[in-house]
There are 2 protein chains.
Amino acid sequence: MAEKRLQEFYDEISEDLTRCVQFWLTHSHDNKYGGFFNCLDENGTVYDDTKHIWLQARQVWMYAKLYNEEEKFTTQAVLQAAEKGAEFLMKFAKDASTGRCYLILTRDGRPIKMQRTIFSECFYTMAMSEMAKATKQALYKTEAVQMMDRLIHWVREDDTDIRLGRPPLAGEARSESLAVPMMLQCVTHELLTLDPSLGARYRDIQEWSVQKALSHVQRDGTVVLENVSTSGTELPGSLGRLMIPGHAIEAGWFLLRYAKQNGQDELAQKAIDQFMNGPFARGWDDECGGLYYFLDADRYSPVQLEWNMKMWWVHTETMVAFLMAYQHTRDGDHLDTFARVYDYCYSKHVDKKRGEWFGYLNRDGSVSMRFKGGPWKGCFHVPRSLLYCKQMLSELLKRPTLT
Amino acid sequence: MAEKRLQEFYDEISEDLTRCVQFWLTHSHDNKYGGFFNCLDENGTVYDDTKHIWLQARQVWMYAKLYNEEEKFTTQAVLQAAEKGAEFLMKFAKDASTGRCYLILTRDGRPIKMQRTIFSECFYTMAMSEMAKATKQALYKTEAVQMMDRLIHWVREDDTDIRLGRPPLAGEARSESLAVPMMLQCVTHELLTLDPSLGARYRDIQEWSVQKALSHVQRDGTVVLENVSTSGTELPGSLGRLMIPGHAIEAGWFLLRYAKQNGQDELAQKAIDQFMNGPFARGWDDECGGLYYFLDADRYSPVQLEWNMKMWWVHTETMVAFLMAYQHTRDGDHLDTFARVYDYCYSKHVDKKRGEWFGYLNRDGSVSMRFKGGPWKGCFHVPRSLLYCKQMLSELLKRPTLT
């Protein structure tokens, strides 16, 4: 019966969004070298000045998004910070010879590591796309579209650059991760909100991403497996049985958003049933609350040491997913699930005193790592979720029923 | 006042050693392809048939060691299992062009992954060395000595093969991990017990390893840092502040053993004070018991998600270290520390019903992952520690005082 709480959710989330963004505006800007400090202790102290490209690019995207859509942050200060971050990225993130993006840089922009995945490049594209929207400058759009072209080439034609030139070893499983189609779904969505006329250009990759994502639904629709074979079948061993409920649920809202935009009712239903409801039921920890990070489909112990930790991004994405499902269906069960996760987050993850969430909780919900930003946590999942939830709640408060 | 418990320790540990080895003898042999299944559930069920080279080689070493030194396992069955494991390694573990060893193989020996470290090669060398002792066959000794030559070349002359041909990126910290000198210390010790006449050949690398290990003692001797610069100074950021108490303590007993063998009293004292006592005091969790896995020297949250987990190998190595320190000094405090860790292990890690230890505990000591073998846990730390402790306890029971 969470319908009565819509205003409470809206108020609390609005306040939290402001507090969270303020945290990053206050503590993360590197005024000397540009870009952002992304390793920030609970109170904002910089404990490491390494710059992680996923997080640099996501923060640029987030600032530009806030500038574009959230009145309180439609300010020159926010726009300028986004521009300085984008400048740092364009100058240092890319390897000149391949156009690939690094994973980690030193504070002053020298490369430390490149990963054999496409995610740095995906976040780079998102950042440039949202900057194009914020500034109307052609430069950013060109950067975004060029990188998207490369991404499509790497994923569908030739992954030599992604593999850093190393051919696969003879026993390597040709496995496909759910993360790849999810991300391509998300990035093309961004580009189409920038310029709907790109629709024809990206139609193929969008439909390919949907089909690839659906191939992770296995065992008669009862599980979403993180890794499947290139022909869409279950892989042997722990790799094949791995489930990441938070990932499936995040893919769920990407798919639901796409289905709604394209009037694909059947896909919308699958997104809700198979990517949200199923993984939520399987992933929720009845004893301690919160969603597990990793699970094994045959209920062996997962081999990932952090399997039972409760992660902020899992919960932020689940909030978006179930609120979107509720918005689409007005089925009160979805809002109740949203409320369950909301209550978990606002009693465990949220730091009302200093802003931003504690990201990494032990199974029992106590804080394991007290920092607000780290090598894999930046200014992204929390403010993105809060912004989207605020926007949906605002709509719901205006139109309490579907009719 | 743990002196009164020596017989109890001896009896319990002897029984546990038998139970543990029996677990691997019963469940881990791959009679079809050779080598060992190393992913075993709590009751021995194989949940993944991937073969991890560290664990394959360590199990060969362990079986040969037991055959050589523990009467109960001086059997043809144990020797043959070791030989079949060694055969699998010699056939499949190495890359023909560089002589490097892979990290992971498929069940039938096809390579899945090679790592940019020397550890597969170190364990390969240990396995071959102990097999040479068990069988007196020249083949194994040749394999061990050749691989050791390569290791010295890679570590001291040219690491191109280890880096898989990739030159360092411009911002990469030239950091040195404690693990490298520790392992070289350990591997050369093995080769010298096989053939003491190799002493001259390995004197340089042994002394180099001691000096490199000592360079990790920082901040006026108060901490052992896992990573330091190539010139032996503290590195910036989380990487530089990282402490792994279990690693330092394990290095401690390697150093103490070396110091005792070479009559280096000052080094023995440093091994005990700086590598054992210091890291134990800093690493012990006063609230829940057990040693933390990772810590930050400035008391920030470590960035490793598993930082507060309690790991079997940390505790097995701490048992060996403090029993060795007691054997060397007869200082009752060391035996008390041994007893504290022993009591922790025998109430949390040990599975008296089915054999082998639960390896991965949550901070509070509850079992996080129920398997006995996994991608990083095999037939090694538990039986090695139990064997060494049993041998030391046997000596202590015979010679209760130093005089």
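## Overall dimensions of chain A

For its 403 residues, a compact globule would have a radius of gyration near 22 Å, and the 20 Å of chain A agrees with this; the radius is taken over C-alpha atoms, and the globule rule is 2.2 Å times the number of residues to the power 0.38. Along the principal axes, the C-alpha atoms of chain A fill a box of roughly 55 × 50 × 45 Å. Chain A has 13 helices and 14 strands, counted as DSSP runs (H or I of at least four residues for helices, E of at least two for strands) and numbered from the N terminus.

This is a predicted model, in which local features need pLDDT of at least 70 and side-chain atom pairs count only at pLDDT 80 or more, while totals for chains, interfaces and linings use all residues. Residues are numbered from 1 along each chain as its sequence is written, chains are lettered from A in the order in which they are written, and side-chain values use heavy atoms, with hydrogens and water left out.

## Relation of the two chains

## The interface

Contact (heavy atoms within 4.5 Å) joins 41 residues of chain A to 41 residues of chain B. Between them the chains bury about 3,200 Å², 58% of it on carbon and sulfur atoms; this is the accessible area (1.4 Å probe) lost on being put together, summed over both parts. Tyr47(A), Tyr300(A) and Leu305(A) supply 20% of the area that chain A buries against chain B, more than any other three residues.

The count of salt bridges between chain A and chain B is 0, a salt bridge being a side-chain nitrogen of Lys or Arg within 4 Å of a carboxyl oxygen of Asp or Glu.

## A salt bridge within chain A

Over all chains, the count comes to 62 salt bridges. In one of them, the side chains of Asp285(A) and Lys310(A) meet at 2.9 Å, N to O. The pair links distant parts of the chain, 25 residues apart: Asp285(A) is in the loop between α10 (265-283) and β11 (295-296), and Lys310(A) is in strand β12 (residues 310-311).

Definitions and conventions
Buried area is the accessible area (1.4 Å probe) that two parts lose on being put together, summed over both.
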